Structures are given as C-alpha cells and as structure tokens.
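Please take a look at the sequence and structure below. A short report follows.

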Amino acid sequence: MKNFISLNDTAGSPDELIDLALRFKQDPFSSRTGHRKTLGLLFLNPSLRTRLSTQKAGHNLGMQVMVMNMDSEGWKLEMEDGSVMDGASQEHIKDAIRVICEYVDVIGVRTFPGLKSREEDYGEKIMSSIVKHANKPVLSLESATRHPLQSLADLVTIREMGITRPKVVLSWAPHPRALPQAVPNSFLEWVKATNAEVTVTCPKGYELSDEFMQGTHLVHNQEEAFDGADVIYAKNWSSYQHYGERLPVQEDWTITKAKMGLTNNGKFMHCLPVRRNVIATDEVLDNHSVIYQQAGNRVFAAQAVLEKLLQS
Amino acid sequence: MKNFISLNDTAGSPDELIDLALRFKQDPFSSRTGHRKTLGLLFLNPSLRTRLSTQKAGHNLGMQVMVMNMDSEGWKLEMEDGSVMDGASQEHIKDAIRVICEYVDVIGVRTFPGLKSREEDYGEKIMSSIVKHANKPVLSLESATRHPLQSLADLVTIREMGITRPKVVLSWAPHPRALPQAVPNSFLEWVKATNAEVTVTCPKGYELSDEFMQGTHLVHNQEEAFDGADVIYAKNWSSYQHYGERLPVQEDWTITKAKMGLTNNGKFMHCLPVRRNVIATDEVLDNHSVIYQQAGNRVFAAQAVLEKLLQS
Amino acid sequence: MKNFISLNDTAGSPDELIDLALRFKQDPFSSRTGHRKTLGLLFLNPSLRTRLSTQKAGHNLGMQVMVMNMDSEGWKLEMEDGSVMDGASQEHIKDAIRVICEYVDVIGVRTFPGLKSREEDYGEKIMSSIVKHANKPVLSLESATRHPLQSLADLVTIREMGITRPKVVLSWAPHPRALPQAVPNSFLEWVKATNAEVTVTCPKGYELSDEFMQGTHLVHNQEEAFDGADVIYAKNWSSYQHYGERLPVQEDWTITKAKMGLTNNGKFMHCLPVRRNVIATDEVLDNHSVIYQQAGNRVFAAQAVLEKLLQS
C-alpha cells in the first residue's frame, strides 16, 4: 500500500486490513516491521484519539515516533502554489512535507477542510499536494473529506459484533458548530464495501455528496430509519448542498434511549469527541454505546495500516 | 498500589516508596517493569519538572511515554456531569480519560484548582472524576489540593540529609499572584508521616486546612520558627480561610541569608519554579539550598511510584 | 567536545565532524553511544528542521529524547540576573537549565536574538548564561548570532558536491520581516574554515560583523558576485550596522533563474524555511537547489555532534 488516504488505497476491499487489525489486537507486539523506522505525525489541527492511538500503533511495531504541531511549534504554512510569499506565511506546505520526509519513513498528516469552498475541499487540494510532494508513504490522519483510520476502526468494531448482515444507520445529530463531512463520508465509503445494509438519515438539505450516498437508503424520518437497526452511527455534519452551512432544523435529532429502543438492541457508535446531551444523551452514551471500543480499535487499525505502508 | 493521588494510596507510610526511590537513584535501569507498557501524561496546566522527570522515570523503566497538552493539542474539556454540551466545551473529561486509558497502562494527569470554590477544589472534584472514569492506574501530576510526586521527592531529599529527627519548618513566602495550596498541603501530609518535627510559619489568615495543620506547630513569627531548624521548606500559597485570596501582609516574609542564619545550618527547600528575590534571595537559593537535588529526585520518586502502579 | 555553540568548540576545524556525519549517513545505526542516555531539547522559539532532525539524530544513536516548548508548556522565563521576580516571569533561566540538566545527558537549546540591543545579542547573553549554569553538554539549536548545526550540515552538503576549491557566494535576499544574522554569520564562520573561496554579496548597509566578513570578498553587485560561482547560499538578514533594521533597497535581490545562469552551473542553498518567490523563484528552488539535501544532512550533522558530546 503506497499511501492511506481513502478506501481506494486498499484496492477497494477493507477485509485484509480488518483481519490484520484484529490479529494485532490479539498480539500487539507480533510484528517488528517498524524497527529502526520513524513515524512523523504532522498536525495542522487538534487531535486526541488520532494523536495517541497512532503513536501507540507505531510504538507497538517498534517505530520511533515524532509529533509536530505545525501551528504552535513550527511555521505558518502557505498552501497556494506559485504564490509570492511576502505575507504571513513562512513556509510552503510542499517544502515542509518534503523536508519532513527526509526524517521519517511514514508521514501522517491531519488537515481539516476550510468549509468555504466545496471545490477546494472536495478536490482534496491540500492532501493531494502533500501526496504529490511526499517521497514517503502518506498516512491521512483525517483530511478535508475523509477520515480513513476512523472508518477502518469502525469496521473492526462492527466486525466484532459478529452480525452476519448488519443493518447500519448513519444518523445526523445536532451540534452547535458547523462541522466537516469527513467522518460520515468516510464511514459510508468503507461500510458500503462490507456486506452491511446501509441507511442514512438526516434532515432535508443535509444529504451528503452522491459519491457517498449512492448504494445507501435515504430516510428523512429518523425514527423510521432506526427501526430494526443493529448499529446507529451518529455524527453531526454541515450541509454539503449549502456548503458548510448549518441549516434550520425543526425536529429534535438528539439520539435518546427512546429512539435506541426502536432498534434491534442496536449499538450506538460515534467517533468522538462527542457533545453529550446534544448528539446523544448520557444514557445512550453510557449504556448503549461501543464508543470506547471504537476508540481502542483505533490503535489496531493504525497498526495494520502502518504495517502495510512499511511493507510497501 | 492502585492509584497515586495522596498519601492514603501508600497505606499511610511513605517509607517503602522512599527506599525504592533511593534504590532507583543508585541504579536507574535496574527494573524493566515498564517493558511494552505505555505511560500517558495529560497536562491541563503548565509543567516543566513534572513533565520531564516523569517522562524520564518512565523511560528508565522501559516504558513508552506519550505526552498530551489538552488545551493546545486536543479539545476543550467539559467538567460538569450531566451538562448539555452546546457551548464551548468539546469533549467531556470522562470520555477523554476513558479513551486515553485505551492507549496507556498508567495515566498521569495534572489539573490545578480554580481557587474560586473551596468546596469544589477540596472535594477534588476533577481528580475524583478522573479516578472514577479511568480503568487504569491514575498518577496525580498535581491536583487541586495535593502534589504527591513532589512530596515524595522532598522526603527522599530530607532522608538524604541523614538527620535522625529533623526539625522541618514550612514557611509561607511572598508571591505576586494567588497560588494553590497543593504543594504545602501535600508536603505536610507526607512529612508528618515521617519522624520529623514539623512547624508551620505563615502570616495570620494563611493557615492551611486543619486536616493538614494538625500535628504541626503553628508559629506566626517567622524568625522564631526558623530558630534551630534543619530544613526550611518555603512556598507561597493563597489563603484557605478567605479562599484563594491574597491577604495584606505587613512584615517581609522573603527568606534571606540573615534568616537562614537563625537555623541549625538549615537547608532551604522549594518545589520550583521559584520567584527569585521574592520567595527567597539569590544568596539563599544559590548557597543554602537543595533545590536542584529536590528536582533531580523527582525522577526517582516517579520511578518508584510507576514501579508500584505497574505491579498492581 | 564539551559544548557545541560555535566553530571554536571543534578546535577550529570542521573536518572531523564532516567526516563523522558522512559516516553516519552511510550507516545511521553504527553507534550506540546514546544507549540509556537522554537528550533534552528546549525550544524558546519555533522550529521544524532542528526539532525533527535532532530528535532523529538522538534516536539513531539510541538516545531517549524529550522535547520541551518553554513558552506553551512551561513557565515564562526571566533572563536577567539578580532581578526581583515580582512581574510576569515565573522561572529564572538558570534554574530551568540547571533543573533540566538533572534529567538529561545533553541539553539542546534554541533561543533567538531580540534584535534590539546589538551588545546583548552579540554578547550571546542568553546562551552564555545557559552554558554557565548547565552541568551537562550544551548543544546550540540556534542562538542569537550562530546556528552551528545548520552550518555543519551545509558543509557536509558542499563536501558532497566534490568540488576541489568551490567558489561559494553568500547572497543577501529580500524578506518582509527583520531576521537574525545567525545563519549567515555561522555559515561564514564555518565555510571559511574549509578551502572554499568565499564571497559575500549584499546591499550597502547589510555587511555582517567584521568578525565574520574578514577573509571573504565583499561585492555589492549581486550579478558580479554570482559570476562563476559553484554555490549560491541565499539568506535574508537584518542590518548589523543599523542593528536589527530593514534598510531601503532599490535593486531586486530575489534570486532568479537568470541570475543562476551567471554561475558555474551553481547550486542554490538555503537553510529553510524559505519565502518562495521572495528569496528565490520557484524555478530556482525546484530546479537548481540542494535545499532538501541540506535539510536531510541536518540529521547526520546532529548525530556527529551528539556522538562527540556524549564521548566528552
């Protein structure tokens, strides 16, 4: 595997990575592929789970890990090609990436979307530029439109439920700020590549891009969507159609114990961080969820991906 | 030892930990208890000594160490249980702790008091919540009312003086800002569990909580207190009675060479960072102190505690 | 080697360090001198290359590395000796350094000049104080007037060109802000100790201190200076004479393909970060430069220096 940015990098099937992640969960120290190898993690945005789980994954493989918070520790990055850098930006992204590649064997990068230009964000302008200029394998720690390490960990978690053909519902949920679509996009991309039956429920105007929606059922009535579900995957996202906006929503989309009661003893999933009593009630999070199992599986998902990137 | 938050966690006696710390000082690499174990250090507040000495202690035992600065690297934490998180807070402390526990074998946390509500601070609301939600051993890197790693290192330092029954004076000293009571509280809690004779000297109104004062001599006249002392342990703290306030003080409480001259060739101690020529003069700090020995002993104190937590 | 602050620390000849760096480039894991040793990196200013390459160098030698961002993670430092610390400063630099020395075997520090007082900056007031108070080897990660790890990596890069007596031109180039003179000073100090023929070209008023200029040719006409050069080493710096100021400059000093055409198929060098299309055009940076080779050589330069410091 040359890079890990989207499902495409796996030749379209997540199965091999899921299997490998589960093997690492059984025996975290079974591979020393990372011996004398260095993982560099470059954060352009905040991170807790990704930061710690990916470090841990590298350590498990015997890697050295170096973490860099670009904003607070380094220089202000220029993202435009060809610009005359006489303003605030101090270093071009392409120089930063190419230099870091001198120091690492795998480079992980987190970069959030601006949510202003749909074209730029969905063109994955920054991540594409990073992949173009890197001469080492690039590991996405979340990009403008996808969060593949999260999605892989989510599939590992669903696999562990042992349901033959799970009914999976991706549900929009409320949030006080406009959020990226990366997690729901990516979840759909990956879960559709399994044998799950996938439904999306969201208020009108919050439908995700066709690329991700196709092959799923769209149900605007949340309670109808929940009926008989094995998995409720909750997430807030801003509008794709009215790009980056928060649209007025009348109904209460917070996920409650009563709504979970409509499911087939379904499990609640969320990538975290989660706004308690906004996305879902404490009761749902504390009694009906597998959120910590998801978070724990991030280590083994990252470990499987690093193993494959190091073997490339 | 399940957690390390206060003296209580040691079954009331610091001796075993002091002995172990001194053994690690002789031979820092004598234990590999930390092999394939991970230490996570979560800072909600600044730190230099604790940050570096605890990392070093983990390394000495063979641990991997991951450091997380919550404010600048992660998400804004919610501390209230049951709150509707539609404001600035992005992640609940209980979720952050429970998730980090997926990635570590021991979780260290530093969290300062607010100094607004004595009830909240002395209830150790945040640290209690952390201990409650963690499913791995919790190592206090300083909490609202205690700093046990500092206190253990202080006792190691006093032990190294080789005085049979040392006269120890905890002295209040000036400072331009309102500071927590954690270090003096904790020092009293721990030093009282040794055979030292303990005196507290402070301006009226600066007496610490009864829980910590009992079993000590209280002397409001600083020079009287210093008479014949073997150890002067200096620290500023804000008022416990007028909670979190700086009260007007007439006398000059800065510790000078002249005042040290009243002692029994006593040694000056301070946890650092220290305001030079405010807490104590340069002369005292540079010629009469064991402050760097204290700082160095932080490594071995932390190493002893980690050894015990890993064995639990 | 006791410390690494300037060329003086090498007994005046960079050759042994260059040789050692090139050996480490051939076999990065050939020395385990760093086993059970700790490298502490203290940053008072931003850093990307130095931060990552020095960490990597330590890892290659088997060291544990701890990184500390003083401003964001620790306490505000006091730099004046004897001051009454009742203001914003929370910890004296001498205490911070002496304490960190308790935790490390080598201490690296980065501290930029204030560019306000030439006397203070050129007296290397802060670095001298650090060296004075440290009881472990001090590794400069760039100080007020020098950046020796960069200069050593630069000499390694020039050596790799295999030119018997290279014509090296240090050229001033434009920049929107007032920058330190550390990189050009240090480059001159080191390159003059090789058999290179060295020319400096800059607008009038931008001549560096005599200490660094002596033994070089000064040519105010940039194109004349470029004639027949093997190496163009570009950098912006503020005025030494009108200390720390940006002086009005009429000509266009940006380094272009046309100007590079005047050289003897010369290579463009820069320490990075570089303002693209201000210091030099994209064309020069992408087609005529060895900037990434320089950045990569930072690892082996640091590794050679750490090896020597650990042997001391």
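## Terms and source

Two residues are in contact if their C-beta atoms, placed from the backbone, lie within 7 Å. Helices (H or I, at least four residues) and strands (E, at least two) are DSSP runs, numbered from the N terminus. Axes are lines fitted to C-alpha atoms, for helices over the stretch in contact, and angles run from 0 to 180 degrees between N-to-C directions.

This is a predicted model: local features need pLDDT of at least 70, side-chain atom pairs count only at pLDDT 80 or more, and totals for chains, interfaces and linings use all residues. Residues are numbered from 1 along each chain as its sequence is written, while chains are lettered from A and ligands numbered from 1 in the order in which they are written.

## The sheet in chain C

Chain C has an open sheet of 4 strands, in the order 2-1-5-6, with parallel pairing. Strands pair if DSSP finds at least two bridges between them. Strand 2 (64-69) and strand 6 (138-140) of chain C stand at the edges with a single partner strand each, so one side of each has no neighbour in the sheet. From one strand to the next, the twist averages 20°.

Strand 1 (residues 38-43) of chain C runs parallel to strand 2 of chain C, and 6 bridges join them. Leu39(C) has Val65(C) as its bridge partner in strand 2 of chain C.

## The helix across it

Helix 13 (residues 291-311) of chain C lies across strand 1, strand 5 (106-110) and strand 6 of chain C. Helix 13 of chain C runs at about 135° to strand 5 of chain C.

## Where chain C meets chain B

Contacts link 25 residues of chain C with 26 residues of chain B. Helix 4 (93-101) of chain C is one of the elements that supply at least two residues to this side of chain C. Helix 4 of chain C gives the most, with 5 residues.
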